[in-house]
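The sequence and structure are shown first.

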Amino acid sequence: MENRQEVEREKKLGIATIFRRDRWLFPLLMGLTSRSLIVIAMVFIAPLLSVPEGARSVPQGWGVFFAWDSAAYHAIAVEGYHYVNDGQGYNVAFFPLLPLLTKLVMCLGLPFDVAATLVNSFAFLGALFILYNWLESCQGKSVARWSTVVLAWCPFSLFGTVIYTEGLFLLCSTAALAAFHRQRHFLAAFWGILATATRITGLAIVPTFLLTSWRKRRPFRAYLASFLASGGLILYSLYCWLQFNEPLAFLKVQKAWQPEQDFFGQGWLIMFGQILFGHANMKAGILIDPWHPLMIITIGILGFLLGKFRDRLPAVGVDIGFSLLFLALWLIAGDPFLNTVMVLGGIYVLWHTRKKIPAIALIYAFFSFCIIFSSGRTTSAERYVYGIISTSIALGIVFQKYPRWGYLVTVFFALLLFLFGLRFAQQQWVA
């Protein structure tokens, strides 16, 4: 039977083990330090900087955490949902759990900015706590720590603090996977309902539970819990049916929220072109800036040579060399490069760690990526990949084996997290 000894051991130890100091102190430390860096960047540093072209002056107080999708959640919490079947964008595209919880907190007398920021931030801390405790019990302390570091310091963890759903979704999805892994099926169903009420990608939990139940020969209650996990989406669909006579209203408005594409996958082709040829060349349609592709080719050749002769060089020198080449690519290609690395790199590390990562996490990643790629678009794909908890686990396993890479990547993550905080505060597009 799957993990029977582990499950029995956890039952014997009881809930007291959850509150052991080493089981909450490290995730709390990672959460608070990374959130402190965000606050320093957004609240104290961003207002001192000049406003770049296309940006806005930094709002005062809690308003600094409010931008882009935050306006939709504010409208839902204050005014409710709106939808007309006219091809335009309406806030029905945004799922209800975050505005519902925010509205409950607002009943305490807090304004929306404060309430929504607190809901998402505390949920993010809860996700760190659950991830650490889950992995420590089945993967060991080292993997648990590195995975927590990745989740806390990844630059897209910014969205676990601002008024978005990342923190809440990570809490619900991680708790659901951890509970199902431990065969606490109805607890998993509860968290699954909350996850599918937070965003549509939470639907990946349902086939994950079903396939896991079949592979591990789980009892009937596991299959029942799998179907119950879709309850959040079903209830929201029922609401849309009763309110707007359109149960799939949240899907019908997606076209208005996404840029048009001439063919499936056009966005990915453009993004690869921006990396290889640069924005200026792609925009002009001809080669007006030969330096960009020349530098990309040069970096590619240097990377090939470094890999070919790595056995003849000191290990530290090889790591530093690859790090410098990566930084050069980032400086030259910018966000398209980072976004591509986030998506394709996430797939690679999942494949690389497929024999070590918990099976349920690997299955969940597969279905999540299927949902992400199903639109053929790149908009916010990197942020959605960050929301797949499996990618943090996979990177944690890699860094546990190669800690030097873990330290180098964490430093780079911290730099990007700081820069993303500045950009979001100035209401520039991040992801």
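The questions below go from overall shape to individual ring contacts.

This is a predicted model, in which local features need pLDDT of at least 70 and side-chain atom pairs count only at pLDDT 80 or more, while totals for chains, interfaces and linings use all residues. Residues are numbered from 1 along each chain as its sequence is written, and side-chain values use heavy atoms, leaving out hydrogens and water.

User: How many helices and how many strands are there in the protein?

Analyst: Helices (H or I, at least four residues) and strands (E, at least two) are DSSP runs, numbered from the N terminus. By that assignment the protein has zero strands, and its helices number 22.

User: What is the radius of gyration of the protein?

Analyst: The radius of gyration is taken over C-alpha atoms, and the globule rule is 2.2 Å times the number of residues to the power 0.38. For 431 residues the rule gives 22 Å, and the protein's value is close to that, so it is as compact as a globular protein of that length. The radius of gyration is 22 Å.

User: What percentage of the residues in the protein is buried?

Analyst: Buried means under 20% relative accessible area, exposed over 50%, and partly exposed in between (1.4 Å probe, protein chains only). Of the 431 residues, the buried share is 52%.

User: How many residues apart in sequence are the parts that Phe95 and Phe250 tie together?

Analyst: Aromatic rings of Phe, Tyr and Trp (its six-membered ring) pair if their centres lie within 6.5 Å; planes under 30 degrees apart count as stacked, over 60 as edge-to-face and the rest as tilted. The structure holds 29 such pairs, and Phe95 with Phe250 is edge-to-face, at 5.3 Å centre to centre with 70° between the planes. Phe95 lies in the loop between helix H3 (70-79) and helix H4 (97-106) and Phe250 in helix H12 (residues 249-252), so the pair ties together parts separated by 155 residues.

User: Are Trp146 and Phe399 buried or exposed?

Analyst: These two rings form an edge-to-face pair, 5.8 Å centre to centre and 70° between the planes. Trp146 belongs to helix H6 (residues 141-153) and Phe399 to helix H21 (residues 389-401), so parts 253 residues apart in sequence are tied together. Both Trp146 and Phe399 are buried.

User: Over which ring does the charged end of Arg354 sit?

Analyst: A charge sits over a ring if NZ of Lys or CZ of Arg is within 6 Å of the ring centre and within 35 degrees of the ring normal. The charged end of Arg354 is 3.8 Å from the centre of the ring in question, that of Trp351.
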